[in-house]
Amino acid sequence: MELQTARLLLRRPTAGDVDAIFAVHRDPETCTHNPSDALARFEKAEALYQRWDDQWQQYGYGYWVVRRHGSAQQLGFCGIKLMELHGDPVLNLFYRFATSAWGQGFAGEAAATVATWASRHLPDLPLIARVRPANVASQRVAIRAGLSRAQHLDTEGYDGFDWIYIAQHANRPQTGAITHQDSEIQKELPSC
């Protein structure tokens with residue numbers, strides 16, 4: 001399965017992407033806000049790829065490799081993963097890009113495309129992004145992807161406290177602890 005934007009092509013990872021998975025995840029800058037995601041050994045990148053591939057096989061979606069049209073160079077990764085938030089199933093929007101791709105709008109473009117895909121193909125699952133309070137760049141990507149701050153859903157994460165951003169979808173049922181029509185949801189980037 002492939003997704004396209006004006007500048008980008010998103011495709012399912014293959015075993016040939018393990019080098020790029022390792023390169024992006026071993027760079028301390030890319031994992032500054034999520035140190036538990038950092039990889040020090042190539043074998044860990046192989047295991048991470050296997051988990052990503054297993055998710056694709058089980059659910060038919062997952063993380064995509066992002067690259068520019070006409071280029072074989074992987075810029076980074078963006079996709080969704082099923083998880084629980086406050087006891088409810090949600091799709092977690094993930095994006096991590098090589099530092100050489102930062103500041104060019106690639107992450108926001110890819111994340112918006114994945115968010116649109118999720119709203120069309122998995123409309124019954126809320127789409128969220130977990131972002132560290134100090135990670136302003138990631139907050140901007142979540143907003144560009146159409147998500148809004150949902151302070152009432154903030155929670156402790158693997159590497160610290162997570163601010164939760166959530167997508168607004170008119171066709172989604174309003175059940176469970178995660179609601180979409182809450183007055184606490186803020187559409188502006190919080191001041192830090």
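Biologist: To begin, is Thr-5 buried or exposed?

Modeller: Thr-5 is buried, with a relative accessible area of 14%; buried means under 20%, exposed over 50% and partly exposed in between, with a 1.4 Å probe and protein chains only. This is a predicted model, in which local features need pLDDT of at least 70, side-chain atom pairs count only at pLDDT 80 or more, and totals for chains, interfaces and linings use all residues. Residues are numbered from 1 along each chain as its sequence is written, and side-chain values use heavy atoms, with hydrogens and water left out.

Biologist: What does the side chain of Thr-5 reach at 2.8 Å?

Modeller: The backbone nitrogen of Leu-8. The side chain of Thr-5 also makes a polar contact of 2.3 Å with the side chain of Glu-109 (a pair of N or O atoms within 3.5 Å; within protein, one must be able to donate a hydrogen and the other to accept it, and residues adjacent in sequence count only if both atoms are side-chain atoms).

Biologist: Turning to the helices, at what angle do α1 and α2 pack?

Modeller: Helix α1 (residues 18-26) and helix α2 (residues 42-59) pack at about 115 degrees, their axes 9 Å apart. Helices here are DSSP runs of H or I with at least four residues, numbered from the N terminus. Axes are lines fitted to C-alpha atoms over the stretch in contact, and angles run from 0 to 180 degrees between N-to-C directions. The angle therefore makes α1 roughly perpendicular to α2, a term for 65 to 115 degrees.

Biologist: Which residues of α1 meet α2?

Modeller: Val-18, Asp-19, Ile-21, Phe-22 and His-25 do, where contact means heavy atoms within 4.5 Å.

Terms used
Helix = DSSP H or I, 4+ residues; strand = E, 2+ residues; numbered from the N terminus. Parallel < 35°, antiparallel > 145°, perpendicular 65-115°, else oblique.
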